[in-house]
Each structure stands twice: as C-alpha cells, then as structure tokens.
Amino acid sequence: MTNSVAEIKDADAIFITGSNTTESHPVIGAKVKQAIKRGAKLVVADPREIELAKYADVFLQIKPGTSLALNNALAHVILEEGLEDRDYIESTTEDFEKFAIKVKEYTPEKAAEICGVSPEDIRKAARIYAEAGKASILYCMGITQHHNGTETVMSLSNLALMTGNIGKENAGINPLRGQNNVQGACDMGALPNVLTGYQPVANPQVIEKFEKAWGVKLNNKPGITIPEAMHGAEHGDIKVLYVFGENPMVSDPDTNHVKKALEKTFLIVQDLFLTETAELADVVLPAAAFAEKDGTFVNTERRVQRVRKAVDAPGEAKADWLIFMELMNVLGYSKKYKNAEEIFNEIREVTPQYVGISYARIEEVGIQWPCPTEEHPGTKFLHVGKPARGAGLFMAVDFAPSSEMNKADYPLTLTTGRNLYQYHTTTMTGKTDAINKKAGECYIEISPSLAANLKVEDGEMVKVISPRGEIKTKARVTDIVADNVVFIPFHYADGANVLTNGEELDKYVKIPGLKVTGVKIEKLA
Amino acid sequence: MINLKINGFEVQVEEGTTILQAASKVGVKIPTFCHDPRLVPHGTCRICVVEVEGGRNLPTACTTPVYEGMNIQTESKEVVQTRREILDLVLANHPLDCLTCEKSGRCTLQDLCYQYDIKETTYVGERKDFEVDESNPFYYNDQNKCILCGKCVYVCSQLQGTEAIGFAERGFPTHIATPFNQGLEQSTCVSCGNCVSVCPVGALMPKSKEKFRYWETKTVRTTCSYCGVGCQMDLVVKDDKVVGVDPAMGASNEGLLCVKGKFAYNFVNHPSRLTTPLVRKDGKLVETSWDEAYEVIANKINETKETVGADAIAAFSSARALTEDNYLMQKLMRAVVGTNNIDHCARL
Amino acid sequence: MKTISVTINGKKLQVPENYTIIEAAKEIGIDIPALCYDPNLDKVGACRICVVEVEGARNLMAACTTPITEGMVISTESKNAVETRKEILRLLLDNHPNDCLVCNKAGECKLQEYAFKYDVKFRQHDGERRQAKVDNTNPYIHRDDSKCVLCGKCVRTCNKVEDRKVLSFGERGFETHIVADYDNLMADSSCVSCARCLAVCPVGALMDARTMGKARVWETTTEDVKCTVCEYGCDFELLKKNGKVYAVRAKSPVEGRPLCLKGRLSVDLTYNEEVQVPYVKKDGKFVEATWEEALGLGKLLSKLGK
C-alpha cells in the first residue's frame, strides 16, 4: 500500500475494485464502513454484488476481466469533464499526453459495452473519485490475477496520478496483501529477479554487494517464477523443487498439471501439516507455527511487526529459519544464527529500506519502511512531493480480453476468490470445527436464472467443466452473481483450481489469469 | 489549555477533554463499564460518576468535558456511596456464580464489587430469565449476565459496521438481541467476536474448547497469521496451549479482529501437526531423523548441481512465514544452492 | 527401593513400592483432586475427593492413603469417580457461602478449582448452613468458620510443633468445627501467630488478615525471598500488585522449618511498601506496637547508639 490502513477511515472517497474487502480483509472492510459513516463516498467495481456494493454510491457490476477498460473509461471521463489535477500532472508526472490520447478511445459507452455496465454509472463513478479531495483506491487479486494484471494495475495508477491522489494522506493506490507476510517475503527477495529490498539480480553492483556480504560467488541470472517452475518440473527441467509453507495442489491453477509436475520432480515440502502437496513429497520437514517462534511479519502497509513465541512447537518441529540454517550448514555454508533477531540484523545490513528498523524499536509498535536510519520514524505514506522514481509515469494501456472469454463451448465465466471464514487452502482455518460449520465445503455461486435454465435447485450437486478438468460441487443459487458469471472459492481441494488455466500468464510478472475461466455446468443425472 | 484539580493534583489539558481523559493523564483510575476510547461516549453505566466542587449532582466522567478551575474528587464518600448503590442494583439482576463463571478473573463487575466491597445485593425481587443464545458456533450470548453497558452494540455498529445486535424492549426486560430475536445465527453477524472482546462481564463469551481460568493463563502479544492487515493480538496461553485470542490496539487494526484471527487458532495445537521429518521409502512416507532428512536433501541437491546445474533446482518460499524465514530461504537458494529460482505465492 | 508397575489412565509406569496412588499419578503429571492431602503432613483420607477407581476393587479408593500394589489398574477420572467427586463437592458447597465474587481466596481456592473443573454449582435451595462466624480478633489471621471444609490440614500443621497444638476438632456431626484451645477466640488462645495454618488452608477459612481487600490473586505477582532472622531461612513470597509489594506470605512450611511471627514481621518490614503497624500480645491482648518492640530490637538499637 502506498498509504496506511488507519488512513482509510478518513478518506473522502474510496474506489474498491477487485477486492471483496469485508470477507478477504475484514478489518479493512470495517474501516471502509467507518469511512462511509463519516460521509465518505464509495465506488465499487466487481463482478459480484459483494457486501460493500450495498454501501456504494455507485456499484459497477463488471464482467470478469474487464477492469482495464473500465479504468481507462474513468480516466476518459475525468479528462472530458476537466476533473484532473493539472498542477500535479504538470509538476510531477511524465508521458501524460500519450496516455490522454489512449484513453480518448475509451468512451464510457465503449467501456460500458465491454464491461456490461451503464455509461452513466461510469461517469458518476469518475466524478466521485476525481472530485473527492482525498480518494483512496483499494484493490486486490481481482485486479492482478489476469493475463493483463500488470497493465490493469497501471490503469489504476494512472487514475491516482491524474487526480493527484498520490503522496498524500488518506489517498493513494492500495493493494491489499492477501497473506500475513507477502510483503515481507517480497521485501526479502523471495522473488526470482530481485534480492532483498528489490535490488535487481541483473545489476552487477547488487551482485557484488551481496557477494561481499555473504562471502560467496552468486549466480547473476534471474530465476524463474512459480508457474514457470511448475512447467519446468512437468517437462523435466526442474529436478528438485523445495516447497515451503505452500500448497500448490490447491492454490495453483490447473491441479491436474500441478500434480503431474510435482510427481515428476524430487519434492521437498516443509509445512505444519501433511497437506495435499506434502502427500506427494519425497521429503517432508515439520515446521513450527507462528505462535511457536520469534520473528517479524510485514503487513500490507509495509509495517514490520513482531511475532512472538507463545508455546513450544510439537515434537521435533523446528522454526523454518533454523531448518534453512542447518541445511545450509550441511551443504557446507557454515554461518550460524542464534535467533531470528540475528538474522534480522543481517537483513538490515543489506536492505536499505530496513536499516533503521530494529527489534528494540518495534517492541511496542511496528515501523513502516522505508526507514533509512535509527532516528527515522518510518514512512506512513509513500511518494510525498514526488513519486519515488522521480516522476509519476503515465502508462498508455489497452484492453484485450482473456482467451478464456467468449468460448462457444464454455459459455460461462468462472471467477474465484475467498470467503470470510476460510483462509487460503484451509490447512489452518480448517482445523477449527466452528469454521467448517460455517464454510466447510466447496460450492459454486450461480444466478437464479442460470439455475432455472439448468433446472438446478439451491444445494444440488452440479458438474463444472473446463478444458483442464471437471469437478462436482454444490450449487448455491444467489443473485450476487450475474447470469453468465459463476464463482467458486479457491480454498477447497478438488475445487476451483482443477478448472483454471495455468498457461495464460501476465506477460510482465507471469501471474496466471485465475480470475477468468471459461466453464460450462451440467446438471447431474 | 484548561487548568483543573483532580483529587488535589493540578492538571492541564486541552479544551474538550473529558474528566475521564484528564484523570488518566495524572494516573487516577476512574472505574467504567461502558467506556471505550474508540466509541462515542454514551454515559450509560453511570459507574464513572465523580464529585465536582459546586456541582449539584455527580456527573459521569466519561461524557463531561472539563472547565477552567474545576475541582474534582473521584473517590469521595458520596461518589463511593453512589457506586456501591449502582453495583448493588446491578447485582440485583446478576447471577452469583463466580464459582464457575468462565469470565471470573477478568470481569469488571467482579473487580468493582471487590474494590467497593459489595458481597451481594440488598434487593430481593424478580430476576432476568433469558434463554442463552448458543446458535452461533463461535460464541454465546447469555443475557442473564448482561449489565446493559451497550459496548457490544456500539462496537458492532460504530467500529465493525455490521449492526447485527441492538437493544431490545424497554425497562426491566431490556436486553441485547438480534433483530426480531431471531438468534445470532440468523442475523447479519459475521462472527468477528469484537463484541465478545469488549464485554466487561460474562454475557458474551467465546465457546472455548478448553476449560481454563484466566488466572492460569498468560498472554503473548503477536501479529495475526492470516491476511495482510497485520492485526496485533494477544494469544491467551495455558499450559503451553493457545486457548484464546484477544485483539490488541495495533496500528492497523485499532483493537479489532475478524472471525479468523479471533477464533481460528486451533490449528496451532492440532493433533494432526507434523512432528517428525518424513522421507519416502518404497513409495511410502516414513518417519526419519533430521540428520537423515538433511542428508537425503543435500545428496539430491549436490547430485543435481553436478549433473545438470543449480538452475535445475527451484524453491517456493512462503508468504505465511517470518520475514527472517524468507530471508534465509532465499539466501540458502542463492548463496548455497547457487540459483535465483526462488519465488513465493504473491501471485497466487 | 524395589519398583512395581501400575497402570494409570491407560499409561503404564514403574514406581517405588511404597508409593500411594496419588504419588504415583503425580509421576506422570496427573493431578488427582485433593483437599486434605499434603505431602508434608500425615495422610488421613478425610475429604474423600481423591477417590479413584481401581480395577477389581469393590469400591472407590482414596488415592492419598491407598498404597499401590503390583499390576494395579487405576482410573482417576472414571465416570464413577467423577460422579462421586461431584456429589462431595455438592455437599461441601451446600454449606459454603457463595461469595467468590469478593472472597480473597478466589483464584487459589481448591474448592473453587474443583467446582469449576467438575462443573458443580452452588445449590439454589436453602438448607441449614453454618452461620458466618468470622473471628478477626487476631490482627494477622482472619478466620471464617463458615468457609471451612474440615480437611484438618490446619490442625495437623499446628500439631506438628509439640508445644503449640492450639487447633483441634471440636464437637461432632453438623456442629463439627475447628477450635482454638477450648473454643476460644483466636486472640484469647495460645496461638502465637506463626501463620503456618494460613499457608495450608485450601479454602477461605483461614486467610491473611493483612491482605484482605488489597488485591485479587490474579492481579498479584510473586517473588521468592528468604527470611534472614534465623539460620532456618524460611521461604517467603512477596505479593505484588502493579509491581508494588503489598504483603508478604509465608510459604508452606517443610520439615524443620518453624515459621515464626518475628520472621514474618521482619520480612514484612524489609520488603512491604504499604507495611501496616505491627501488633504484639501484651497481657493476653493484641496491642499496637513499635517496630523496635515487635522485632525485639530495643536493646540492640540502644547499644548501637541509635
């Protein structure tokens, strides 16, 4: 997030897109409601009529995968009606002209056609966003998990730049991180192209710096992403795969291919439980849970916060860092760490954003990076005065539909997401009986008229088919989805990801287009 | 700035400050049931009354703003007498079952009865007799213990924005309920448990799997392990077991949690946790030692490096693990294995 | 010593042959409820709350007094044992005031602990009850007969010191109660306020008069200290609320450790930040005293010229 969670409740307008906030980030959902109580305006764009849609001044029930067209049309209206922040554009941005020409093509009428909403609503939404003094954009995987996810994010960033909603309190572009420490994992360089603090592997100076810090020669060839590694494993190029605290058998697209890939490679799994993925492993290592170790998580607002040991790990389970350290030692790298704090201090030495953060300083309250010195208070919101790169870069981006759309054989569009009760692949939440009582099994949301066409009753089992595979699941008849759109939560094994496409990736960051899948539904005899 | 005196201490505070806020500034504790700094003060419970020199009656400290020259006594004879009377009245309609009440040890009513030495009520009369609403799988609502402070109602409406519960009826039968008394399970309740966390008595209680007394527990401040909001929470621990979770006033959550953070902690102590390394032998995963597990992995990595090269090895790190865990995993892959094939589920 | 093998709650273990069931269970971390049992005192099997089921036995056995035998199979929480314990608790609670709300013992009261564990509540009907009989004539010992469960631990503790033997059982049946000397008030008895009895009372019948109303157990943290008045070095606990010492408490006495009033007062004066005036008995009556007097320092101080 460019801004902080606590700032949301004081925004003048909030644009929520591709985020079912009250279910996926319930506490942020509560802040949005607090903002509305204070008088903030709300625009929601989502394929489903999510809870916050009821609170929205404008709700745009867009077709899955069409956000980019909508965002461009919002920009079009803002320019057409002269609602842009000229001062900000002129003083702090680049490439505005190119962008302005591009969005000229995206009239509300054109976007309305693509998105399946009314042009007037697009105009209203644009006015609410642009006329607010402080407007905040909240988005989530509904924006990013598309073949054009990166470009869709750019289209949102264009909106914030053109209205000067960057670098000020209660505004900004705010991706809501889905997991407790995605931010920390990214910050730490658990990514194939960058080391800690987003220092590129391809930069020789960076490599030199880390070679010095770690005392070894480093490989300077950027690595491969998860979808590429899966592909590689399936085709025999990846011989060893070490999966730590993930359950790709449920979370990754196209389960049947994932299974083939995992069976083919030498698989090491490190987890709390014998997950669907661990069952396929050659070696399984038992790890300690969050309540069993000391360390830090970094939340969605870049705040480094302490995690503390409350109980002992069961049996011989160990803290993950200890397992990695011992394995490094076995492999001949002799560095030892006494505790997580020693590791954190090493992180500070090589990560510019973390230099000023220490365990002592975050004992009571976490600190938001960047925090360059011990005296620095941390950074509540980013890009003050000027965007970090020097100037805000407008990106002229075009809408192209996913190949999963408009398939004659698979006329329905499946989109996925979370429900309130379960978390990811249920390995943790599924251990609480009351949670399972509320949301213990997979289901598919279908509209009443689709149900009527299929002659399917609420609660009846149906077969859902895509080119990748088929599943049987329970129909939940609800009018929160449009007639040709269906929804399956991705939590459950043998669920949504049996159907999704693992091949169509975003060209920049290789994210799979999980949010749009062509499917068909059959009534079971 | 306004100058005033509380129990003889000189205090200087900003205009608009309440007596309660001013008192806390000089470390004077005024008892409250219904007060929560995050809510609009509503002065429902009256237990925070104080004596103001020259005042005609005892104002509530939580709602009364200070003024210049105010002279306040927080434990004067009259104040204490009034508080004792309030407690006597509250107890007149509260079961005397601290012997087995799970809230005992963390109950504000119990604390204040002890402080003001109220053993039992002096009133005889009709008592509430509500059926306990146990329909929600995470917590129950026992209106026989409710003191009608209203904190649950206001947290649900003002902070959580769910508005699942409210005051029902008037006078003696007043109670906290869902619309049309349909029960929690039929309501819009999202089981966030934020009402449970603020209840000062035993009316809203988690349905804990473990039986424990609060005095047998310790709490450990930590960060929630679910979504990316980074809510701060206190794990309630008894005998090396997590038996409950309370929200803390973190920067992002400001004292709120959701159903997962508040109630879905059972996985930590779950019997199906992995407790030893496993290695596949003859097609089956069997228990093994750490040494053997490391050896099998190291041999495979070394062999692959020699025969095909380090780039034939890849790792998926974990967005659910510590920052430190992630750092060491990428260091293991880059510095020791020799590849940049490291990624994690940010994309999934 | 020879060990023998027994099975407790399905777990097999080897223990020395002179163990009782309660001692054997403790070896594997099983706590059998007990009110009258104390490892430092004679075993009397009075309260019966420790009954357990032994395979092949005709009735339930008191775990505190029954020695183990080879191959014994014991179930400490069998349906029968639990039902019996609940009945005992019901009977005890029938004759116990319902004031956990404010009782100073709440939080470390065994009766409360077991009632919670076995989910036994105070009975709603009114039968005859012992009248509240508070004896606060001793400034150090607060005695409330209505809370006594007649476990007799105080009596056995008091009787361990040959020249004391102040406490004993008086009367019979429903009237049974603990008496000091000839059923005297504490102040009028030969009690020297060593307060050993306070340390062993499982309920609120004998409480430290100096902690009454000061803090709940759950607000209290403790720190161990040793008395330095004599060579025994008795163990004491400092009781703290919000980090401030509000009282000192003698720990349960063990063999050869006498506990005495002088020692306790001296620890009190050394550590307590809210120390209250000492009382000493003069001509059979408690009177306020100076610390010099209470600790017998008068002569010493004058010799030191203070």
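**Close-up 1. Asp119(C) in the loop between α3 (110-117) and β6 (134-135) of chain C.** In this predicted model, where local features need pLDDT of at least 70, side-chain atom pairs count only at pLDDT 80 or more, and totals for chains, interfaces and linings use all residues, Asp119(C) has a positive phi of about 55° although it is not a glycine. Residues are numbered from 1 along each chain as its sequence is written, while chains are lettered from A and ligands numbered from 1 in the order in which they are written. Helices (H or I, at least four residues) and strands (E, at least two) are DSSP runs, numbered from the N terminus. Asp119(C) counts as exposed because it has 10 C-beta neighbours inside 10 Å; a residue is exposed if 12 or fewer other C-beta atoms, placed from the backbone, lie within 10 Å of its own, buried if 20 or more do, and partly exposed in between.

**Close-up 2. Asp239(B) in the loop between β10 (232-238) and β11 (241-247) of chain B.** Asp239(B), which is not a glycine, has a positive phi of about 45°. Asp239(B) has 10 C-beta neighbours inside 10 Å and therefore counts as exposed.

**Close-up 3. The cis peptide bond that joins Trp369(A) and Pro370(A).** The omega of this bond is about 0°, and Pro370(A) is placed in the loop between β14 (367-368) and β15 (392-393) of chain A.

**Close-up 4. The crossing of helix α12 (residues 226-234) and helix α14 (residues 255-264) of chain A.** The axes of the two helices, which are lines fitted to C-alpha atoms over the stretch in contact, with angles running from 0 to 180 degrees between N-to-C directions, come within 7 Å and cross at roughly 65°. The crossing of α12(A) and α14(A) is left-handed, a term used if the near helix is turned anticlockwise from the far one by less than a right angle. From α12(A), the contact is made by Met230(A), Ala233(A) and Glu234(A), and from α14(A) by His257(A), Val258(A), Lys260(A), Ala261(A), Leu262(A) and Lys264(A), where two residues are in contact if their C-beta atoms, placed from the backbone, lie within 7 Å. By class, five nonpolar, one polar and three charged residues take part; Ala, Val, Leu, Ile, Met, Phe, Trp, Tyr, Cys and Pro count as nonpolar, Asp, Glu, Lys and Arg as charged, and the others, Gly among them, as polar.

**Close-up 5. Chain A and chain C, which no contact joins.** The closest C-alpha atoms of chain A and chain C lie 18 Å apart. Of the two pairs of chains in contact, chains A and B share the most contacts.
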